[in-house]
Amino acid sequence: MQPSAEVRDQRGLRLLALGAPSFSSAYAIADVQIILDGGGIRGLSELIILEEIMNRIKHLDKLNHVPRPCDYFDLIGGVSTGGLIALMLGRLQMPIGDAIQTYVQFTHQVFVSHKWFGGKEGMFKATQFEKSFQAIVKSALGDPGALMRDRGESGCKSFVSSLPAANMSLPVLFRTYEVSANQSDNCTIWEAARATSVVPQLFKPISIGVEGLKQQFLGASMGWNNPALQVLEEAESCFGSDCQVACLVSLGAGHPQTIAWQTSQWLSDSLVHMLKDISTNCENIAEQLEKRFKNISGVYFRLSVEQGMQPAALDDWQRLGEIKTHTSQYLAQVKISQIVDAVTQALSLCQPRITIGIINAPSVSVAKIEVSLEHISSPTPFFVGREDILAALDQCFSSSETSVGLKLQRRYVLYGLGGAGKTQIALKFVQQFSDRFSETHFIDASTVTSLDMFFRNLGEKRIGKDATAKDGLLWLAQKKEEWLLVLDNADDPDINLVEYFPKASHGNIIITTRNQTCCIHAPYNNTEIADISDDNAIKLLFDISNRPYDLTLGLAIVKELGNLALAIVQAGAYLLQDPGLELSDYLESYRRNRAKYLSRNTKQTVSDYTKPVYATWDMSFARLSVPAKQLLRICAFLHYSGITVSFFTDAFEWNKTHPTSSDTGFLKEVKVFFKYYIDNNGDWDEILFRETLVELGSYSLIHASQHNAYSIHSLVHAWAAEHETSDIQTNAFVCTSELLYCVCQLRFEQKNVKSMQMLVSHLQNVQSQTQSLNMDIALVFASIYRECIMLKEAENLQKQVIEYKQTTLGNDHPDTLLAMENLAITYHKQGQFTKAEQLRSYVVEAYMKIFGKDHLSTLSAIGHLAMTYWSQGQWSKAEELQSNVVIAQSSILGMEHPDTLSTLGNLASIYVNQGRWTEAEQLQLHILQIFNKIHGKDHSETLTIMSNLALTYKKQGRWTEAEQLESQVLEVRKRIFGEDHPDTLTIMNNLAATYQRQGQWPKAEQLQLQALQGMKKVLGEEHPETLTVMNNLALTYQKQGQWSQAEKLETYVLEVCRNIFGEDYPATLTACGNLGLTYQKLGNLTKAEELVTLVVKARKRILGENHPSTLLTMAGLASIYLDQGYWTEAEQLGSYVIEELTKLLGKDHPDILGVISNLASTYVKLDRWTEAGDLLLQVMEARKRILGEDHPDTLMVMGNLAVAYSNQGQWAKAAELESHVLEVRKKIYGENHPDVLVAMRNLAMTLRNLGQLTKAEQLELQAQKVEKAIPAEYLNNM
């Protein structure tokens, strides 16, 4: 059951008496305490009173349901029957209605029958009691043997008390929470219930403890029936004397008559006499508390039915109806109803009222507490920096213009994290500028009580005895002088500070607070007190520690301390007290024991503030609502910055649409967290969530930053993860990892890389914890790493998952095989194709063994293996496997099933690599036709196959058709996904490449710049897709002769790839090769050779010497040798590449033809024109046959062959070829294109050699006109 929205806005601890939670001591903490007396079956009266309180809270706070007591009380304690109720309401977290019904059933079961010969063993069966209460525990928790302490914090703690039979001087407390001293055995819940309920002659004692060390226990009602004083003592012990109390509620089981306890048939006279004493003791304690709280109203409340309860014996379960009647009559009394209203108000507001130390002070009356009006502490003598803030205060409270003269009450707010130094700044200002003010008052503004006390005492000193706080405020308002009030530690968001501003148009007020919303009191005069600068932090550390100045170690220490003033002060004091401790040793020790250092109390301090760093935040934490606490715990396991609201909403949306994810208890904790923020329609309630953020911000525990994101100070981040019990930490860790799982799933499905990148720091922080990460969650984390190209991180995590799956499920379990496939994908992206092949081969074999060769899982695995072969250049193997998969899938699923079509698409890609473009085109057209029919023209799958078909057209030189297809895809993607979607930007880059190949370089550049800007925005500057666009843009710069820009861009790409992906990553090697070719064009052949040689060696090592990519890189190196004049080396290397590629790809593959053309160029350098011409003729004929006579690649080799003919004096042959090249290029590119200009000049030269001078001159004149129409940068490139 979730706490209501109204409940979550409560402030302070809620205690249900007989104990206190194990929080550190703190001021400004409101405790809500409730005491449940014993009283046998009359305990029903306590439940009915509590039911009335809860019903009134429902109406007051406008809730849709009656809240549970555990949602409004922070600690519930009881004895005897009150103890049973404490367990039901606190430990079992029962709604009040369920508790009443359970209590009635329980009393009937336990007291309906008795033993005929009870004697010393008691008149009622202890076994029946135990059986009945175990059933209650099982119904609530599922485990009848659940322990008192085996759960995380729920916002409510509880305990019961019992007496050891061997020594009944002091009770033992059985708690649901841990304490630092006098911890009792962690017994079962039912044992605690028995122990607190034992009354002699009713039930026999119970023995609790390990074998051999068992103790017998009786109920603590024997002399401790009203545990109120005990509760307060326990509270002070746990919280410290500064802990604030909001209200103390004591519920009794009915006032006794003077001599009215009646003997039942099973109670002896001696027992009745003892019960009289107990009752008297119970009411005497209540009377003591009434006296103790007589001078402060609205804190202590005692409710106990006055008349009609006395005749009810402890065991008389048949009189439960009478008990209800008398209790209802009691509650109907006007006076009592007013008290119940006051209780309801106190619980709802939960304002801190008075410290436990004051309540427990043995001889101090609340009314006699004095607040000093004269003495103001000095700031620490080690105060450093903050000159800018002091200057702002100086300006605000300028002496040149007074508040009286301005008729303006001047205020300034200093807000920020506890320990940042707000109070010290205020003290420093007062010290420096005290002469400006007629009088200065430094006021503890942490509670209403301390504020009221100050102004009351001010009134008494200035006006006279019996003055009130309002009198003090009025006196100050009427005093038209330059007084200064410093409202220090005004942290409580429930205190309306306006009520403590003197109602006057003069005066000066400084407010120090953790609550940023206090800035409303000075909207133009406020400063957040952040961390101190490095220089001042180091100075502060060495000033206090009295150590020799060491900049390096000093900076390292203050950075570890988050530049937080209080942490640095306490670190300096620690170093001062241990002069033998080296700074380096302290730093190392601090890193290992941070929580101990920051929680350590120091006897000697450099200021009045004595609390350790962590205690300052414990105070704030104790006052948070349950949802706010849980949100802070979650943030503690995320990275301390970049915590966005969308993180939580995305996780909720995914979880809502995947309701079956928690079938086995998976995602249980995150579902509990979501319940805090679900509205009545089951949707995310943004307002509730933002209210929680505001609550955390009101204590400066989180800070809002840009783009709807939040951050936490690094030390607060560490404290939030460390300050609670291991059970609570584990619960928060699990909840956080489940949240991340949900948001990762959604963003992975959306393929939004930028949003996935925003998760990386959070994933890494969760992984860095000591708790074990669920392996299903780890698998999803790895997928995010892979999408963000953090491939090593993905690989390491996936290996852990595989190892875990192999250990728990076995090598051949489907989940293990799935994990292996995920790792294979990562290997594939890393270019580790051999490792990917090994894994995928194993997976295929395992699936065949488990499911058979025609199972869909097997076929999918075979398809994946085929694509690995494809990446290795083993295209024949890849084709064979994919063809087999297509046949099987079409038989099982049909030819038009998406899986079959996907495999067909992969087969078409293999055909493209093999140069079998006609077959690839036919397959792609077939797939496109089916997708159009099934999905429609605008579906993503349809657009993808259109893009693939355009690529096939480009391979064939069919640029116009490719351009038309890509333009169509681009327009649809813009319309559906928007201009900045990654798929839109990818097709934009593809279209730019088409423009580039058509020689439309300005259009290509414009589109590439647009795509690059979008990729940077969506994917980030260092994503592989972004780097691909940069590479293509660099090529466009090359084509336009902008070599320096191309070199600059390619150098950047190479550096990024090396830094992020490593030297051997495929993209790194591609970038290295591209830059090498640019250096070749620039004539820097030494650098070119160096880079391309590196790529050759890496690809030999990774892919093998005969992989197509290795051989093509070797061909590039041969081209560099050619330019260097190493013609023999160029010829040898080129010949080797041609021979090996022919074996792999066949003699007519386009890649081989390119290498043959390069070898022909080598023969030209060697003046072996005949051999060059033969090779070029071979290439030309092959390209005519494969690409067509008018393909740009065919025209290029045709032009080169013409040059060879010219050098052999075969002018006519040369002229025929050049005429054809010129005519076709004009048709493709138009008149004013650089390639047309080259063809004109070559043909003009050939015509001159043929003696056709007139034609040559005419062509030369045309060439001059074309040259003038082409931009200069393009001519430079020629």
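Rings of Phe, Tyr and Trp, the last by its six-membered ring, count as a pair if their centres lie within 6.5 Å; planes under 30 degrees apart are stacked, over 60 edge-to-face, and the rest tilted. By that rule the structure holds 31 aromatic pairs.

A word on the source. This is a predicted model, where local features need pLDDT of at least 70 and side-chain atom pairs count only at pLDDT 80 or more, while totals for chains, interfaces and linings use all residues. Residues are numbered from 1 along each chain as its sequence is written, and side-chain values use heavy atoms, with hydrogens and water left out.

One of the pairs is Phe647 with Phe648, edge-to-face, at 4.9 Å centre to centre and 85° between the planes. Phe647 has 2% relative accessibility, so it counts as buried, buried being under 20% relative accessible area, exposed over 50% and partly exposed in between, with a 1.4 Å probe and protein chains only. Trp654 and Tyr741 are also edge-to-face, because their centres are 5.7 Å apart and their planes stand at 85°. That pair links distant parts of the chain, with Trp654 in helix 24 and Tyr741 in helix 28, 87 residues apart. Helices here are DSSP runs of H or I, at least four residues, numbered from the N terminus.

Now the core. A nonpolar core is a set of buried Ala, Val, Leu, Ile, Met, Phe, Trp, Tyr and Cys residues joined through side-chain atoms within 4.5 Å. The largest has 269 residues, and Phe648 is among those with the most contacts inside it. Helix 28, residues 726-750, gives this core its largest share, ten residues.

Note on methods. Helices (H or I, at least four residues) and strands (E, at least two) are DSSP runs, numbered from the N terminus.
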